[in-house]
Amino acid sequence: MKAKMKFLRSFFLIFIMNYFIFQNAYSETALYELEGEKITYNDNNNLITAEGKAQAKDSLGKIILADKIIYNKKKSIIQTEKKSIFKDTKGNQLYADNFYYDLELKTIDAKNNVQYLDKSGNIYNFTSLKYFENIEKGVGQNLKAELVDKSSLESPLAEFDNNKKILTIEKKDGNSNLYTPCENIEKTSKTIQERCPDWSISSTKTLHDKNEKMIYHNNAVIRIRNVPVFYTPYFSHPDPSVKRKSGFLPPSIKNFTDLGRTIKTPYFWVINENKDLTFSPIYYFEENPIFLTEYRQKNKNNEFYIDASYTEGYKKINKIGDDGVPLQRQAGSRDHFFFNFLGNYDDLLLAKNDVEVNIQRVSQKNYLRVNQINTENVKQDVSELNSNVIINSYEGNKRINIEANIYENLNIDDSNTKYQYTLPSIEFSNFFRAYDQSLNLSNAFSVRNIGGDSTQTYLVNQIGSASDTKIFKALDGVANIFRTSFNNVNAYNQNIEGSKENSNSDVYLTFGIENSFPLIKIEGNKEQTITPKIFTKYTTGTMADARNVSKKLSYDDVYSMNRMNDVINPETGGSLGYGVEYNNSTKNNLNEVYLKNSFSIGQVLRLQDQEEMPSNSSLSKSQSDFVGGATFAYIAEPSNTKSTKLNVNYNYTVSNSLDKILQNNLSTTLENSKNIFNANYYEIHDIGNEHYAELSYTRKFNNDMNFSFGGRKNIQDDFTENNFIEANYDSECLRLGINLSKTFYKDEDLRPSNNLSLFIVLKPFGTPISPNLSSLVN
């Protein structure tokens, strides 16, 4: 029995050893089965040839295809001829005219028309390639690669390592490497040089690390449309698949009329996947530097940014400007701080809640404009600041709005009047339908300061209704809408001009009815409507003095229940608004509207003058001024987004005696596939004091090139505020432009200036290299 057990143990041990030896041998030299239209066996079946749609397959699933396959079992070699394909089990594929496959060494020598398609989708073309199957590594000659990130590479010598995810290309026999992130849109077989991409880099050595998603170049020459423009011994950048990567961004140089030359060297820091920061020191050759910081963060339910800068201020306080006039500079540091928070939360007050917080501060009114500080969130022309906390809560037809605001006007120097605040403002509203009426119940509470010691606290309870449109049976075609509004106003006023001091409680009840009589004419593809309208309303109570309130009468006000847009001090008494609207539309044979125009005119009448109304609105008169507008819209082919489009909008105010035009506002836009023209003319007098014209024109020469110019003329004071002229090239890969602009502002330390800038944006990096050439025109 013991001898039998000993025999069984020995047999089992020998079986296991032979099994693993066999498995190891098989893993080292796999056996292939061949198929084809013709199979030939030689050398005692050790040399097998398959011809005509030949295929070799091992037990692991590797496949070789070719017109002819020769399998030498003794030497463990497979040779192929014509249309050869090798597919491994990992998703890699190799194409060539001929293969020499050493099954023991696991190497493939591929010749002629070689293409390697890796499991990630990158395509490498070679004239010859030696491929190491086990480690997924290859060394090839004359590379032309198209990568999944849409970039292209060319090199006389290349090595790739799929396991380490590294691609290295090197110069050979005087031939440099070429790299471009610009997509080969036409999928042409031309070289990078022949394609002439918007930008490319030639180098002696380039390494693409796909783990780090970085590309490193030695002796790099940046080329714009094949023209060398910049050399650096070492250059690195993220590959096109990277959206965010820490590192220095391209610097920019500017020249200011009164501040001198500057250089800006931004650094972008990716803190983690939801936080990043841009730190941009701005160094002045003649002044103290500015330190600019932009911080961004996005969370699951909210996002916020901080945009801030600081400088110690001017080095030279008593400086004479280029015009020989001393600059009105003040000593001391300068800074700005902007914070914005946006959040979305459930069940905070009602079911859905939007929260916004803003903090805005600028230490000196001209600080941003003098230094031309423009970021994603802050613009140099800002003149009004608003720091606030806003909560909007909603559920169904219910709304709750809570706000606290602090306003600052940078153009006002008096600290008593430059600030205003609302703290708090709370409003609740509920919209619903009942008895064929649209009803709105609202409550509003607010404490506000409108400058200095003028404060007002109020509580308003309001009920508003609007009936469905109904047709008079006695007057066929005449439609009417009946509206009501009940306002209970409780206010406490301190030094509010035109208002009763201390506590006040008023009730205002408004009844209004709008009648319209639309006349419609349809003739073929043309439809015209003329709609006379009459709106009659009456509000109980007494109105407080609002003569100094800035209010311009508009066409919409003619039919408004609250022409003052003020729940505290509404328009009282009776009035009648009347007018007429004309609309015309024409369709083409495809039943598409291609031509539309309209005209409107209206006036407000009352039995007698109401002196409490704003004087510049003409609503204080028994007959207001006439207001209205006209529009014209033409689309040559509505279904074609590139079709010619013309839009004209005109708004006007004419005196009630029809002898003077008080306001003109004409805007025109003409656009087609090649041109964009915009013009705006604005004039107001007697009821205001402003008169200007502005114009811009853009010409597109092809899909990528355009030329623009424009400006703004202050006709009131007879001077040009600004103008510009620029040319741009903007493609998927490169943005290149030159801009000449002039500004004519003059205010303390702010002086008129000329700016000539050339900017280059190498996409996808996205930050411009923008040397400023202002010294050429100053």
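Two strands count as paired here if DSSP finds at least two bridges between them. I am working on a predicted model.

**Entry 1: strand pairing.** I looked up strand 23 and its neighbour. Strand 23 is joined to strand 24, residues 290–298, by 8 bridges, and the two run antiparallel. They form a hairpin, with 5 residues between the strands.

**Entry 2: the next hairpin.** I moved on to strand 25, residues 302–311. Strand 24 runs antiparallel to strand 25, with 9 bridges joining them. This pair also makes a hairpin, and 3 residues lie between strand 24 and strand 25. I noted that Tyr310 in strand 25 stands opposite Phe291.

**Entry 3: the nonpolar patch.** Phe291 and Tyr310 both belong to a nonpolar surface patch of about 790 Å². Which elements give two or more residues to the patch? I found strand 22 (267–272) and strand 23 (275–284). Strand 22 gives the most, with 3 residues.

**Entry 4: Tyr283.** Tyr283 sits in strand 23. Its relative accessible area is 38%, so Tyr283 is partly exposed. Patch residues need over 30% relative accessible area, and Tyr283 at 38% is therefore past that cut-off.

**Entry 5: a reminder on strands.** I kept one general rule beside these notes. In a regular strand, side chains alternate between the two faces of the sheet.

Terms used
Residues are numbered from 1 along each chain as its sequence is written. This is a predicted model: local features need pLDDT of at least 70, side-chain atom pairs count only at pLDDT 80 or more; totals for chains, interfaces and linings use all residues. Side-chain values use heavy atoms; hydrogens and water are left out. Patches are made of residues with over 30% relative accessible area and no salt bridge: like charges are joined within 9 Å, nonpolar side chains (Val, Leu, Ile, Met, Phe, Trp, Tyr) within 5 Å. Accessible areas come from the Shrake-Rupley method with a 1.4 Å probe; for residues, only the protein chains shown count as cover. A salt bridge is a side-chain nitrogen of Lys or Arg within 4 Å of a carboxyl oxygen of Asp or Glu. Helices (H or I, at least four residues) and strands (E, at least two) are DSSP runs, numbered from the N terminus. Buried means under 20% relative accessible area, exposed over 50%, partly exposed in between (1.4 Å probe, protein chains only).
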